[in-house]
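Open the model in your viewer and follow the stops below in order. Each one gives a selection and then what is found there.

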Amino acid sequence: MNAFFKNKYLRFLNIKKAIREMDELNEKLMREREIKQEFFANASHELKTPITSIKGYAELLDSGMVTDEEMKKDMISRIKKEADHMTALISDILEVSKLESGEEEPEIMYVDISHMISELIETFKPKAEENKVSIHNYTKENVYIYADYSHIEEIASNLISNAIRYNRKSGKIWINAYNEGNMLIFRVRDTGIGIADDEKEKIFNRFYRVDKGRSKATGGTGLGLSIVKHLLSYYNGTIDVNSKQGSGSEFVVRIPSHYNKKKN
Ligand code: ADP
């Protein structure tokens, strides 16, 4: 091939490569757009349900048809519960969109995990007692990570609150966190309802709940584990589930103890 044709051929290959790259980028953007649209459609749907209930109860109370004082009280408490559910939903939706925007830089600091876990257990004590669930913490002193405090607290609190909510009455929770090599390992094990094999991946999807009724009745939004997974990806961390349906679950989080900015 003479030099003229060789040059033309190389230019042709370069153009072909550029077109392929543009196509790939376009596809990625379209997929991201679809995911966003799906998220907002699901979020609006989830918000509509408590609004409809609140409106229904308010209209009934307003109509004067309900005269029984006990029934009135019950409706008011249902309105409050639905409003709490909406607050939880909005707060999780805002958290997801904050993470999605990727605008916020994490504030990396020394985080005393031993102390954080003790504090969280204190916070969750009333909820655990209400469900007659006992929490056993095996975390020793001086367990640490360099990370954004609020991120690690969000991960830990989601897993602990799930272990309470999906436990059985008089169930148990075992918590352990330790540094191993250059990793922080955080384990939360419960004696709860467990997770079937074919659900183990799905529970990390946004708004996915194995039992929607149970999740909602216990204050769930279906966003907790997806937020946990998103936060972990920021730290190149992982989460694994060991579980047998009917006999409890264990969630194991592994995060490098010294922050390295995520490589894209
Ligand atoms: P939710 O707000 O519904 O708890 P999550 O994203 O935290 O949302 O969890 C998604 C689903 O995973 C839950 O609805 C529940 O079905 C299941 N799940 C999470 N943690 C546990 C657990 N410890 N034991 C059993 N099922 C769990």
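Start with the shell around the ligand: by class it has nine nonpolar, eight polar and three charged residues. Here Ala, Val, Leu, Ile, Met, Phe, Trp, Tyr, Cys and Pro count as nonpolar, Asp, Glu, Lys and Arg as charged, and the others, Gly among them, as polar. This is a predicted model, in which local features need pLDDT of at least 70 and side-chain atom pairs count only at pLDDT 80 or more, while totals for chains, interfaces and linings use all residues. Residues are numbered from 1 along each chain as its sequence is written, and side-chain values use heavy atoms, with hydrogens and water left out.

Next, select Tyr 166, Ser 215, Thr 221, Gly 222 and Leu 225, which come nearest of the 20 residues around the ligand (near: a heavy atom within 4 Å).

Now show the polar contacts (pairs of N or O atoms within 3.5 Å). A side-chain N or O atom of Asn 162 is 2.9 Å from a ligand oxygen. Backbone N or O atoms also lie by ligand oxygens, at 2.7 Å for Thr 221 and at 3.3 Å for Gly 224. The protein covers 98% of the 530 Å² of accessible area that the ligand has on its own (Shrake-Rupley method, 1.4 Å probe).

Colour by DSSP runs (helices H or I, at least four residues; strands E, at least two; numbered from the N terminus). Helix H4 (149–165), helix H6 (224–234) and strand E7 (249–256) each supply at least two shell residues.

Finish on H4 with helix H3 (residues 113–130): their axes, lines fitted to C-alpha atoms over the stretch in contact, come within 10 Å and cross at roughly 40 degrees.

Terms used:
Polar contact = N/O pair within 3.5 Å; in protein donor to acceptor, adjacent residues only side chain to side chain. Axes fitted to C-alpha atoms, helices over the stretch in contact; angles between N-to-C directions.
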